Amino acid sequence: MTVSYENSKVIFDGIKAAGIKSLSALPETWLGLLLQRAEDDPDMELFQVAKEEEAIGIAAGAYFAGTPHVLLMQNHGFFAAINGIVSLAQLYHVPLCMLIAYRGHWGEPYPWHTRGGIVTEEVLRALAIPFEYARSPERVAKQIREAWVFSQSSLSPVALLLTRDLMEA
Amino acid sequence: MERAGCIEMMYPELEEKVVVTIMGACAQELYNLGHRENFFYLQHAMGLASSIGLGLAVHLPAERVVVLDGDGSVLMNLGTFVTLARYRPTNMIHVVFDNGSLLSTGGFDSQTASGTTDIAAIARGAGIEHVAAVSTTTEFGEAFVDALERDDLSVIVAKVAAVGPEHYGMDLHLPENAFRFKRWIAERKRAEHTA
């Protein structure tokens, strides 16, 4: 299986259409084509971080600065960012719009992704982070816009899980 | 050299700067000099003050961002130096007060206490060009003035004594601090656009 070129473009276009001007990310196989687009787009500020928790700080800085910002990460990176999500974003009511590559679930061939995939939903629930699944290219742009709107109105982290159906071709 | 003295020296210059501090003693010492709407105190999430600073600095090119960090906090997010080096926000000053201690959580020695670990060398090795390592108040003042005059990312690692304020407490709820800080920035941007 390879990463869907078409759907990566649809997601990036959806991010742009939602009015997002700034992205933070840690490169990940499923997110690679998306990040390439961000890198090539002069109107998109891209921060590639060394570890995902940094991105929570960067996103908070962008929020305080008034620049619409979205975070891209793998679910394992989301785990690595949890203290920042809880003790910066939730504690201070800073919204986060997170697009999370949902690895290690239905159809996952790689053993190393599986444990993280199995616990992702429960961790999101435990943290009271609202989440949705993005499965189809027809709906994903609307879902990104809605995730963004909801993060801003609730002043809360919000997660859109990018599934295998969407990311692989 | 004490951190409180360094912060007091910086204080007049911070009136118009976007300021982010770490938790505990550092936040309290700044607050005790007089809170301003442009000060954000990160009372938890150790390590992320400089990441917030990066997000602010890149998106607010007309402002100057000053981050007041500490050894215990920055050791929790050493990756911040490589990300700062990569994006090199020219309008950011990153001050790391190195007291060799996790003072606000009981005064345990941090990994820098023995002198084996050199935070300034880590910053330089990460690729940050302008890194000053200082241990006297005069040196600190000079390094801060240099950083203010420089149109580039500056890191100042200041060796300070492991002492803090006698009392802790702020008349400021954490979300209230965030809301007011964001509002101050928005109003500055509005004023800048209408100027």
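Which side chains meet in a salt bridge of 3.4 Å, N to O? The side chains of Arg125(A) and Glu121(A) do, a salt bridge being a side-chain nitrogen of Lys or Arg within 4 Å of a carboxyl oxygen of Asp or Glu. This is a predicted model, in which local features need pLDDT of at least 70 and side-chain atom pairs count only at pLDDT 80 or more, while totals for chains, interfaces and linings use all residues. Residues are numbered from 1 along each chain as its sequence is written, chains are lettered from A and ligands numbered from 1 in the order in which they are written, and side-chain values use heavy atoms, with hydrogens and water left out.

**Salt bridges**

- Over all chains, the count comes to 17 salt bridges.
- Arg125(A) and Glu121(A) are 4 residues apart in helix α6 (residues 111–126) of chain A, and are therefore separated by about one helical turn. Helices (H or I, at least four residues) and strands (E, at least two) are DSSP runs, numbered from the N terminus.
- At 45% relative accessibility Arg125(A) is partly exposed, whereas Glu121(A), at 19%, is buried. Buried means under 20% relative accessible area, exposed over 50%, and partly exposed in between (1.4 Å probe, protein chains only).
- Lys9(A) forms a salt bridge with Asp13(A), with 2.9 Å between the closest N and O atoms. Because Lys9(A) and Asp13(A) are 4 residues apart in helix α1 (residues 5–17) of chain A, about one helical turn separates them.
- An α-helix has 3.6 residues a turn, so residues three or four places apart point the same way.
- Lys9(A) is partly exposed at 32% relative accessibility, and Asp13(A) is partly exposed with a relative accessible area of 35%.
- Asp41(A) forms a salt bridge with Lys16(A), the closest N and O atoms lying 2.6 Å apart. Asp41(A) lies in the loop between α2 (32–40) and β2 (45–48) of chain A and Lys16(A) in helix α1 of chain A, so this pair ties together parts that are 25 residues apart in sequence.
- Asp41(A) counts as buried at 13% relative accessibility, while Lys16(A) counts as partly exposed at 31%.
- A network of salt bridges links Glu108(A), Arg164(A) and Glu168(A).

**Aromatic pairs**

- Over all chains, the count comes to 14 aromatic pairs. Rings of Phe, Tyr and Trp (its six-membered ring) pair if their centres lie within 6.5 Å; planes under 30 degrees apart count as stacked, over 60 as edge-to-face and the rest as tilted.
- Tyr63(A) and Phe64(A) form a tilted pair, with 5.9 Å centre to centre and 50° between the planes.
- Tyr63(A) is buried, with a relative accessible area of 13%, and Phe64(A) is buried at 1% relative accessibility.
- Phe131(A) and Tyr133(A) form an edge-to-face pair, with 5.8 Å centre to centre and 85° between the planes.
- Tyr63(A), Phe64(A), Tyr92(A), Phe40(B) and Phe181(B) are linked by ring pairs into a cluster.

- Helix α5 (residues 82–92) of chain A has buried residues, namely Gly84(A), Ile85(A), Ser87(A), Leu88(A), Ala89(A) and Tyr92(A).
- His93(A) is found in the loop between α5 and β4 (96–101) of chain A and is partly exposed at 35% relative accessibility.
- Arg88(B) is not a glycine either, yet has a positive phi of about 40°. Arg88(B) lies in the loop between α5 (79–87) and β4 (92–98) of chain B and is partly exposed, with a relative accessible area of 34%.
- Most residues other than glycine have a negative phi.

**Surface charge and a loop residue**

- Glu139(B), Glu142(B), Asp146(B) and Glu149(B) gather in a surface patch of negative charge. Patches are made of residues with over 30% relative accessible area and no salt bridge, with like charges joined within 9 Å and nonpolar side chains (Val, Leu, Ile, Met, Phe, Trp, Tyr) within 5 Å.
- Asp146(B) is found in helix α7 (residues 137–149) of chain B and is partly exposed, with a relative accessible area of 40%.
- Asp43(A), in the loop between α2 and β2 of chain A, is exposed, with a relative accessible area of 57%.
- The C-alpha atoms of Asp43(A) and Arg135(A) are separated by 27 Å, the two residues being 92 residues apart along the chain.

Note on methods. Areas by Shrake-Rupley, 256 points an atom, 1.4 Å probe, with all protein chains shown as cover. Lys, Arg positive; Asp, Glu negative; His and termini not counted. Charge placed at Lys NZ, Arg CZ, Asp CG, Glu CD.
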